[in-house]
Amino acid sequence: MMKAHLASDAGKELTKKIGLVYQINIAPKKIGFDEVSYIVDLKKGEVTKGKYEGGKPDAIFSFKDDDFMKVATGKMNPQIAFMRGAMKIKGSLSAAQKFTPDIFPKPAKM
């Protein structure tokens, strides 16, 4: 869904506006264990699975699977997730502050 979102006009606008690289680590049960990494490259407008190979990402976010889904679907604000400990951040805090729900595609209405 993220790839399609970044290819859309709204996604291209985000790429121009933000221009940062985020790494998102998603763990099934506990942050730091059995994590799967995704790179959201808002310089190139692409999403890839695996670690970032172009140096260091601007910010790294770690979530449990269910907390990531809450943030991605707009059910939890990223700042609240961080304050509750549902999201861990490494890297530039100014880059992290640009990590907003706008980055994610809007969930389809059922």
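The lining of the largest pocket is made up of 13 nonpolar residues, 1 polar residue and no charged ones, where Ala, Val, Leu, Ile, Met, Phe, Trp, Tyr, Cys and Pro count as nonpolar, Asp, Glu, Lys and Arg as charged, and the others, Gly among them, as polar. This is a predicted model, in which local features need pLDDT of at least 70 and side-chain atom pairs count only at pLDDT 80 or more, while totals for chains, interfaces and linings use all residues. Residues are numbered from 1 along each chain as its sequence is written, and side-chain values use heavy atoms, with hydrogens and water left out.

The largest pocket holds about 320 Å³ of space. Of its 14 lining residues, Met1, Met2, Phe68, Ala72 and Phe104 are the closest to its centre. A pocket here is an open set of points on a 1 Å grid over the protein atoms alone, where a 1.4 Å probe fits, with protein on both sides within 12 Å along at least five of seven lines, and lining residues have an atom within 4 Å of a point; the volume is the space filled by probe spheres set on the points, which are joined across faces, edges and corners.

The second largest pocket, with about 190 Å³ of space, has Phe61 and Phe99 among its lining residues. These two rings form a stacked aromatic pair, 4.0 Å centre to centre with 25° between the planes (centres within 6.5 Å for a pair, planes under 30 degrees apart for stacking). Phe61 and Phe99 lie 38 residues apart in the chain, and together with Tyr22 they form one aromatic cluster.

Definitions and conventions. Rings of Phe, Tyr and Trp (its six-membered ring) pair if their centres lie within 6.5 Å; planes under 30 degrees apart count as stacked, over 60 as edge-to-face and the rest as tilted. Helices (H or I, at least four residues) and strands (E, at least two) are DSSP runs, numbered from the N terminus.
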